[in-house]
Amino acid sequence: MAIETTTWDSLRLLRSHGQKPALPVIVTTKPDLPRRLWGVGCMVIVHKAGDVFPVKLLDGLDVILVLDRCELGNSVFRLADAKGVKFARLQAWCHCGAHLTVAPILCESYSSAPDWLTVHAA
């Protein structure tokens, strides 16, 4: 199955008809990601840096954020909370840890954790 690259307008039109994607929606700032995910079978929206992030369109959806920097996932998480958006599931790619997380954080705030664990593990 080919991956469908869409825009916010495509999702906006779908939602205006009372519909929503059944599969995960990946929101990314990386224009090459849709090509790399060929065959996965989900909706991919390439978000342009600096554009308004219409988080309300993601209400009730299974969302994966693959953004340029980890803190951007945290910003989307906070924006969604402020707007009352409830995701079916939200995951964000953490570049620092190279993993998907369900709790987007500011990685810099936890950069000293390995040192703390080393000192307090004994």
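## Salt bridges

E71 is partly exposed, with a relative accessible area of 22%; the term covers the range between buried (under 20% relative accessible area) and exposed (over 50%), with a 1.4 Å probe and protein chains only. E71 forms a salt bridge with R69, and their closest N and O atoms are 2.5 Å apart. A salt bridge here is a side-chain nitrogen of Lys or Arg within 4 Å of a carboxyl oxygen of Asp or Glu. R69 is also partly exposed, at 44% relative accessible area. The model is a predicted one, in which local features need pLDDT of at least 70, side-chain atom pairs count only at pLDDT 80 or more, and totals for chains, interfaces and linings use all residues. Residues are numbered from 1 along each chain as its sequence is written, and side-chain values use heavy atoms, with hydrogens and water left out.

By this rule the count comes to 4 salt bridges. One of them joins the side chains of K30 and D68, at 3.6 Å from N to O. K30 has a relative accessible area of 21% and D68 one of 37%; K30 is partly exposed, and D68 is partly exposed. Another salt bridge is formed by the side chains of D62 and R89, at 3.2 Å from N to O. R89 is partly exposed, with a relative accessible area of 41%.

## Overall architecture

The protein chain has 4 helices and 6 strands. These elements are DSSP runs numbered from the N terminus: helices are H or I with at least four residues, and strands are E with at least two. Along the sequence, the pattern is β-α-β-α-β-β-α-β-β-α.

Of the 122 residues in the protein chain, 36% are buried. Contact means heavy atoms within 4.5 Å. Among the contacts with a separation of 6 or more, 70% are between residues 24 or more positions apart. The protein chain exposes about 7600 Å², of which carbon and sulfur atoms supply 59%; accessible areas come from the Shrake-Rupley method with a 1.4 Å probe, and for residues only the protein chains shown count as cover.

## Nonpolar cores

In soluble globular proteins, nonpolar side chains tend to be buried together. A nonpolar core is defined as a set of buried Ala, Val, Leu, Ile, Met, Phe, Trp, Tyr and Cys residues joined through side-chain atoms within 4.5 Å. The largest such core in this model has 20 residues, and L58 and L65 have the most contacts inside it. At least two residues of this core come from each of α1 (8-16), β2 (25-28), β3 (43-46), β4 (62-66), α3 (70-83) and β5 (89-94). A second, separate core has 6 residues, including I26, L33, V44 and V66.

Leaving aside neighbours within four places in sequence, L65 is in contact with V27, F53, G73, V76, L90, Q91, A92 and W93.

## The aromatic pair

Rings of Phe, Tyr and Trp (its six-membered ring) pair if their centres lie within 6.5 Å; planes under 30 degrees apart count as stacked, over 60 as edge-to-face and the rest as tilted. The count by this rule is 1 aromatic pair. W8 and F53 form this edge-to-face pair, with 5.1 Å from centre to centre and 70° between the planes. W8 belongs to helix α1 and F53 to the loop between β3 and β4, and the pair links these distant parts of the chain, 45 residues apart. Both residues, W8 and F53, are buried.

Q91 is found in strand β5 and counts as buried, at 12% relative accessibility. Apart from neighbours within four places in sequence, Q91 is in contact with D62, V63, I64, L65, L100, T101 and V102.

T101 lies in strand β6 (residues 99-101) and is buried at 17% relative accessibility. Not counting residues up to four places away in sequence, T101 touches L90, Q91 and A92.

## Cysteines

A disulfide is a covalent bond between the sulfur atoms of two cysteines. The criterion applied is a pair of cysteine sulfur atoms within 2.5 Å, and the count by this rule comes to 0 disulfides. C70 counts as buried at 9% relative accessibility, and C94 is buried, with a relative accessible area of 9%.
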